[in-house]
Amino acid sequence: METTAPSMGDLLGADTPSNWGKWGPDDEVGALNYLDASEVLRGVGHIKSGETFTLQIEMGRKESPGDPLWPGREGINRKNILDESSWDGEGAPQFPGGLHYADDTANIFLQGSTQYDALGHVWYDGKLYNGYDARSTVDALDKASVLPIAEKGVVGRGVLIDMARHRGKKYLEKGETFDHNDLEAAAAAQGVTIEPHDILIIRTGWLTYWYELNNPEQFYDGFCEPGLTYSRELVQWFQDKEIPNLVTDTIANEVTTDPESGVALPLHNALMRNLGVVFTEIVWLEELAEACAADNRWSFLYVAAPLKVVSGTGAPVNPVVIR
Ligand code: UVW
């Protein structure tokens, strides 16, 4: 593809903030290291009413428009292997007592639903998170796969910043941007502080736009999501705040193409590759946001256990919030 955009390395610069080596040469979970036992207890301290919310979208929704996906990916292909019709003819398994049962298989993009990204999911200049060689991704992620993240689990204080509500909108528009100053302003308006080690959850309303629009062709035309925009100051803010996990209701957690430079997804590299901030995408936040707005409480316990996929570049997840 012809492009006049600078390379990722040129945009971010050699002195871009980095956490490589901070947690040792073998680390594969990055900023999740901030989430120790004291952070679990801090999160538990924000449970007040006991309400629970699950944050995964449906996988394999039959009704139009189906599942929201990064272009080029496909939704889950689930197929029955055994069901009552299997016993219509000969050849179905027979069990003492006449047991019948249903079984199915699923062919899925591991990043084709609400998902955790592995830290080795993106790279530039031949190096992954922590300096691992990008050749270690060939055939399977040998380094910084989703497995260590899944083995650790993600538990801590979550804070929801509702950018759509802050801007008086049902959902942000295609390509609409915001930065750390906007997050701080929205937090102040909500009366909440984004504290060090918070799991940062941002609502744009973009998934509601997907389902309400019900028109994939229009959705993907000039595909550019709303989201965070790259700047050195924003990356520094994430490093200073020691944010372990960025969670949003968009497909890519950042404005798809950086409007200043024309570079695609620079924050994937500046935050995920360089700082080890773990990304969680396509997260359903509507009921949670309603509940938070209703009693003006925007912090809670956030718990997520992505699937333990060996060598996976990501894994589906159904995060749970308890508030
Ligand atoms: C890409 O980075 C291409 O996808 P995602 O938004 O799922 O991380």
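Predicted model: local features only at pLDDT ≥ 70, side-chain atom pairs only at ≥ 80, totals over all residues.

Reader: Which side chain does Ser 113 join in a polar contact, and at what distance?
Author: The side chains of Ser 113 and Gln 56 are joined by a polar contact of 3.2 Å. A polar contact is a pair of N or O atoms within 3.5 Å; within protein, one must be able to donate a hydrogen and the other to accept it, and residues adjacent in sequence count only if both atoms are side-chain atoms.

Reader: Where does Ser 113 lie, and is it buried or exposed?
Author: Ser 113 lies in the loop between strand 3 (103-107) and strand 4 (115-117). Helices (H or I, at least four residues) and strands (E, at least two) are DSSP runs, numbered from the N terminus. Ser 113 counts as buried because its relative accessibility is 2%. Buried means under 20% relative accessible area, exposed over 50%, and partly exposed in between (1.4 Å probe, protein chains only).

Reader: What else is Ser 113 in contact with?
Author: Besides Gln 56, Ser 113 is in contact with Ile 57, Met 59, Glu 281 and Ile 282, leaving aside neighbours within four places in sequence. Contact means heavy atoms within 4.5 Å.

Reader: Let us turn to helix 9. How many of its residues are buried?
Author: Helix 9 (residues 266-275) has 10 of its 10 residues buried. Among them are Pro 266, His 268, Asn 269 and Arg 273.

Reader: What do those buried residues pack against?
Author: They pack against helix 1 (8-12), strand 4, strand 8 (227-228), helix 8 (232-241), strand 9 (245-248) and strand 10 (278-281).

Reader: Which residues does Asn 269 touch?
Author: Not counting residues up to four places away in sequence, Asn 269 touches Met 8, Leu 12, Val 122, Trp 123, Tyr 124 and Asn 274. Asn 269 is buried, with a relative accessible area of 4%.

Reader: Which residues other than glycine have a positive phi?
Author: Glu 242 has a positive phi of about 55°, and that of Asn 296 is near 50°. Most residues other than glycine have a negative phi, and most peptide bonds are trans. Glu 242 is found in the loop between helix 8 and strand 9 and is partly exposed, at 23% relative accessible area. Asn 296 lies in the loop between helix 10 (286-295) and strand 11 (299-304); Asn 296 is also partly exposed, at 48%.

Reader: Where is there a cis peptide bond?
Author: A cis peptide bond joins Ser 64 and Pro 65, with omega about 10°. Pro 65 lies in the loop between strand 1 (52-54) and strand 2 (77-82).

Reader: Finally, how many helices and strands does the protein have, and how compact is it?
Author: The secondary structure comes to 10 helices and 13 strands. The radius of gyration is 21 Å, close to the 20 Å that the globule rule gives for 323 residues, so the protein is as compact as a globular protein of that length. The radius is taken over C-alpha atoms, and the rule is 2.2 Å times the number of residues to the power 0.38. Buried residues make up 53% of the 323 residues.

Methods. Residues numbered from 1 in each chain as written. Heavy atoms only, no water.
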